[in-house]
Amino acid sequence: MSALAFVLIALVIVTGALVTVLAANAVHAALGLVATLIGLAMMYTSLNAHFLAATQVIVYAGAIMVLFLFVIMLLDASQPVTAQNKIPFVNEIAALGAGLLATSIGLIALTWKAPRALATATAHLQDGSPAAVGETLLTKFVFPFEAVSVLLLVAIVGSVVLVRKPVPSVEEAPEGQAVTTGERELGAALLSTPVVERRNS
Amino acid sequence: MVGTEWYVALSGILFAIGMAGVLVRRTAVLMFLSVELMLNAANLALVAFARAWGDLTAHTAVFIVMTLAAAEVAIGLAIIVTIFRKRASTNVDDLAELRG
């Protein structure tokens, strides 16, 4: 891969990241992140990681970003928060800190003697094909793989429990009154009632 | 072929931008977006080193980081939605205390 292509993709990545951090509208920020993620997928292709490039596009740029955009639009959070930042000079400190960090990592990376690619490296990587990555994952890293699958299951169940509306119980409602629950009581019910009881009621 | 050090430098720039985003943005959703930037910076460095040493271990690490990011986003956004229902705000300054 030529240096020119690297520079062009790096420009896409950095521009997308800057849009993510600086855009006033949250939807624009999310779309900037999509540009960064797709740029990174191109980088992975140039680094002989074809399976990861495909996963990056499908999982990150597809699934995760759809979830983000959905929540931004659901909460109507696209407009910026206009309240004054409570910490003084946080924008200046953040910009300065980020500049220093980027400069120092860049300097270290460019002056430090980076490992030259081994002559056999490309053969070892087998183009980062799904078969090769899957074999490593299911032989050397079975335990992390299983742990991550349990984690995903817990995350799914947890997010469903967190956002589901508790069903108001018919027995507790006054006689002859429609069973409705206001938004405010909903939150209180979520905090005070154990999950098991709510499910049974 | 572009050397490993250029990829690491790009990863550093990306990480710094993400860090600034976490500090500057006041909305919880946008802070999550910045955290994703930082995770991706780490992923880029891992993949670059994987090519330098010809080792697929880093590819599996990146795969696991992606799964963790998906789980984190699912739980984090669920918490944000729950808090928004109760407080009608996602500004992190309003959500500083732990009390319900």
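User: What makes Thr67(B), in helix H3 of chain B, count as buried?

Analyst: In this predicted model, Thr67(B) lies in helix H3 of chain B, where helices are DSSP runs of H or I with at least four residues, numbered from the N terminus. Buried means under 20% relative accessible area, exposed over 50% and partly exposed in between, with a 1.4 Å probe and protein chains only; Thr67(B) has 13% relative accessibility and therefore counts as buried. Leaving aside neighbours within four places in sequence, Thr67(B) is in contact (heavy atoms within 4.5 Å) with Val148(A) and Leu152(A).

User: Which conventions lie behind these values?

Analyst: Residues are numbered from 1 along each chain as its sequence is written, with chains lettered from A and ligands numbered from 1 in the order in which they are written. Local features need pLDDT of at least 70 and side-chain atom pairs count only at pLDDT 80 or more, while totals for chains, interfaces and linings use all residues; side-chain values use heavy atoms, leaving out hydrogens and water.

User: Why are H2(A) and H3(A) called roughly antiparallel?

Analyst: Helix H2 (residues 26–46) and helix H3 (residues 50–74) of chain A pack at an angle of about 175 degrees, with their axes 8 Å apart. Axes are lines fitted to C-alpha atoms, for helices over the stretch in contact, and angles run from 0 to 180 degrees between N-to-C directions. Angles under 35 degrees count as roughly parallel, over 145 as roughly antiparallel, 65 to 115 as roughly perpendicular and the rest as oblique, so H2(A) and H3(A) are roughly antiparallel to each other. By class, their contact has 20 nonpolar, three polar and no charged residues.

User: How do you know whether H2(A) and H2(B) are roughly parallel or antiparallel?

Analyst: Their angle is about 5 degrees, with the axes 11 Å apart, and H2(A) is therefore roughly parallel to H2(B). The residues of this contact divide into 13 nonpolar, four polar and two charged.

User: What makes the pair of Phe6(A) and Tyr7(B) edge-to-face?

Analyst: Rings of Phe, Tyr and Trp (its six-membered ring) pair if their centres lie within 6.5 Å, and planes under 30 degrees apart count as stacked, over 60 as edge-to-face and the rest as tilted. By this rule there are three aromatic pairs over all chains. The ring centres of Phe6(A) and Tyr7(B) are 4.9 Å apart and their planes stand at 80 degrees, so this pair is edge-to-face. Phe6(A) lies in helix H1 of chain A and Tyr7(B) in helix H1 of chain B, so the pair joins two chains; both residues are buried.

Technical notes: Ala, Val, Leu, Ile, Met, Phe, Trp, Tyr, Cys and Pro count as nonpolar, Asp, Glu, Lys and Arg as charged, and the others, Gly among them, as polar.
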